Number of protein chains: 2
Amino acid sequence: MAKEVSLFIDFLKTKGLKLTKQREYILDVFLATERHLSVEDLYNIVKKKDSSIGQATVFRTLKLLCEADIAQEVDLGDKRIRYEHKYGHGHHDHLVYIKCGKFIEVVDTGIERLQDKLCKRVGFLPKRHKMDIFGTCKQCQKKKR
Amino acid sequence: MAKEVSLFIDFLKTKGLKLTKQREYILDVFLATERHLSVEDLYNIVKKKDSSIGQATVFRTLKLLCEADIAQEVDLGDKRIRYEHKYGHGHHDHLVYIKCGKFIEVVDTGIERLQDKLCKRVGFLPKRHKMDIFGTCKQCQKKKR
DNA sequence: TTTGATATTGAAATTCAATATCATCTATTA
DNA sequence: TAATAGATGATATTGAATTTCAATATCAAA
Ligand SMILES: [Mn+2]
Ligand SMILES: [Mn+2]
Ligand SMILES: [Zn+2]
Ligand SMILES: [Zn+2]
């Protein structure tokens, strides 16, 4: 059993909630997908195998997974809330490939250090930050549009 | 007359569009406000003086101002499109004060340099980026919640 | 087992900002 | 003047996020 599953069970227990088939299955599918999924994305995958599961349950389960620190919201500027794995994934920033839709997760300790310095300089106490760089790869450059 | 106004007139001319009272007035109000306004924010200010102007016109005018490079969209993660001045304002990032709602616009050339290096290292051609740091100031720290 | 309290579910409804539609209005030109 | 093109504001529509609600499942206690 994945560590995330037992984490989720513990979380649910402390909240007085239950691990249902639906929740377990949605978590399974979420863990099996290394992408930034919207609720709809995840719902579409889930319903392929079990068409009885509703969007609302996917939506609610993702919220629970966020509360349990297993998932977290990502906003890549495309006007949809997306979710990524949080457990076992530290802070990171994104390079987003605007043509092919791919992305890379990166951490640049030099940048992180300068961010802290910058904040200190202006008397600002940082809690979290977001850095997304949008661009293209070589392949994409060749494509028109 | 503000430089932005003549810019807008030129832009409209090349597009075969007209400078109307509404457009001129909306631009005036926009320029007079040094904030990150949503369409609704701007509409609320505008209608105080001229209640005959509709939301749709504010919406359309902001789109035009973006096309004319006088305004630009900002997304500070609060699920609303906001607009800020673009003309005369180069690229900048934001420190966002999560409690008092204030913000600072910053540019750290050290960070920008490291961003470029990072991209080069992974063969990524950056087009634009976004960096927002969310935190608090001393005053806000003292407040509960 | 049964029961009852409580949690869960999926369909459908609602919300809310963003955007499109459309029947006037208005300015400009033939 | 009439014709044309654009502009406007009220209203409708969209689409994602979220809530509602009646039906169902769970599970501990009787
Ligand atoms: Mn970072
Ligand atoms: Mn920057
Ligand atoms: Zn990520
Ligand atoms: Zn700004």
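Predicted model: local features only at pLDDT ≥ 70, side-chain atom pairs only at ≥ 80, totals over all residues.
Residues are numbered from 1 along each chain as its sequence is written, chains are lettered from A and ligands numbered from 1 in the order in which they are written, and side-chain values use heavy atoms, with hydrogens and water left out.

Chain A contains 6 helices and 6 strands, where helices (H or I, at least four residues) and strands (E, at least two) are DSSP runs numbered from the N terminus. Along the sequence of chain A, these elements follow the pattern α-α-β-α-α-β-β-β-β-α-β-α. Taken along the principal axes, the C-alpha atoms of chain A fill a box of roughly 45 × 45 × 25 Å.

The size of an interface is often given as the accessible area lost when the parts come together. Between chain A and chain B the buried area (accessible area, with a 1.4 Å probe, that two parts lose on being put together, summed over both) is about 3200 Å², and carbon and sulfur atoms give 66% of it. On the side of chain A, the residues that lose the most area to chain B are A:F124, A:K130 and A:F134, together 19% of what that side buries.

Side chains of opposite charge can pair when their charged atoms come close. The side chains of B:K79 and A:E73 meet in a salt bridge at 3.9 Å, N to O. Within chain A, A:D41 and A:R82 form a salt bridge at 3.1 Å, N to O. This pair links distant parts of the chain, 41 residues apart, with A:D41 in helix 3 (residues 39–49) and A:R82 in strand 3 (residues 82–85).

In chain B, helix 3 (residues 39–49) passes helix 4 (residues 55–67) in a right-handed crossing, meaning that the near helix is turned clockwise from the far one by less than a right angle. The contact involves B:V39, B:L42 and B:Y43 of helix 3 and B:Q55, B:V58, B:F59 and B:L62 of helix 4.

Note on methods:
Axes fitted to C-alpha atoms, helices over the stretch in contact; angles between N-to-C directions. Contact = heavy atoms within 4.5 Å. Salt bridge = Lys/Arg side-chain N within 4 Å of Asp/Glu carboxyl O.
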